[in-house]
Amino acid sequence: MDINDTFKFFNENANTADYIRICQQKGLPGCIEYIQQITGCDANIAEQIIKQHDFLDPSQFQLSPAEIARNRQEAQDLLNKPKCPTCNSNNLKKISTTSKVVNTAVFGLFGTKRFKQFHCNNCGYEW
């Protein structure tokens, strides 16, 4: 394989997580050997692939402060979402005031919807 074929093959078939793990465990010589086994290229081409993709640079795998803040906010949003106590689904809708008034008007004191806040769209439970 020439260098262009090797780069094309590597970019189409690369499992980046495997290469990163191997390069971090075995260092540059182990990473070169692994890429040679996969692509059938020589050591110089394998080294160029490693340099192009920065497999040995740990800073590329660190999250920026903005990414960390965004991930924390997304996690907090997921924790704050209400869940159905019966089926743990997030597929809920809030029971409207109109629905509560209609239920009370139709059923009078026997209408219980006025005490409920949410309706689960999966199992139908209301609380």
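**Notebook: side-chain contacts in a predicted model**

I started with charge pairs. Arg70 and Glu74 join their side chains in a salt bridge, 3.7 Å from N to O. I count a salt bridge when a side-chain nitrogen of Lys or Arg is within 4 Å of a carboxyl oxygen of Asp or Glu. Both residues sit in helix α4 (residues 65–80), and because they are 4 residues apart, about one helical turn separates them. Arg70 is partly exposed at 46% relative accessibility. Glu74 is partly exposed too, at 44%. My cut-offs are under 20% relative accessible area for buried, over 50% for exposed, and partly exposed in between (1.4 Å probe, protein chains only).

A note on the source: this is a predicted model, where local features need pLDDT of at least 70, side-chain atom pairs count only at pLDDT 80 or more, and totals for chains, interfaces and linings use all residues. Numbering runs from 1 along each chain as its sequence is written, and side-chain values use heavy atoms, with hydrogens and water left out.

The whole structure holds 2 salt bridges. Lys113 and Glu126 also meet in one, at 3.7 Å from N to O. This pair links distant parts of the chain, 13 residues apart: Lys113 is in the loop between α5 (97–107) and β2 (118–120), and Glu126 is in the segment after β2. Glu126 is partly exposed, with 21% relative accessible area.

**Cysteines**

How many disulfides does a search of the whole structure find? I found 0. The test is a pair of cysteine sulfur atoms within 2.5 Å. Cys87 is in no disulfide, and its nearest cysteine sulfur, in Cys120, is 3.6 Å away. Cys87 is partly exposed at 35%. Cys123 is partly exposed at 39%.

**Rings**

I found 2 aromatic pairs. Rings of Phe, Tyr and Trp (its six-membered ring) pair if their centres lie within 6.5 Å; planes under 30 degrees apart count as stacked, over 60 as edge-to-face and the rest as tilted. Phe118 and Trp127 make a tilted pair, 5.7 Å centre to centre with 35° between the planes. Tyr125 and Trp127 make a stacked pair, with centres 5.8 Å apart and planes at 15°. Is Phe118 buried or exposed? Phe118 is buried, at 17%. Trp127 is partly exposed at 24%, and Tyr125 is partly exposed at 37%. Lys94 lies over the face of Phe118, 5.3 Å from the ring centre. That call needs NZ of Lys or CZ of Arg within 6 Å of the ring centre and within 35 degrees of the ring normal.

**Backbone**

I checked phi next. Most residues other than glycine have a negative phi. Asn88 has a positive one, near 60°. Asn88 is in the loop between α4 and β1 (92–94) and is exposed at 56%.

**Whole chain**

I logged 5 helices and 2 strands, in the order α-α-α-α-β-α-β. These are DSSP runs numbered from the N terminus: helices (H or I) of at least four residues, strands (E) of at least two. Of the 127 residues, 21% are buried.
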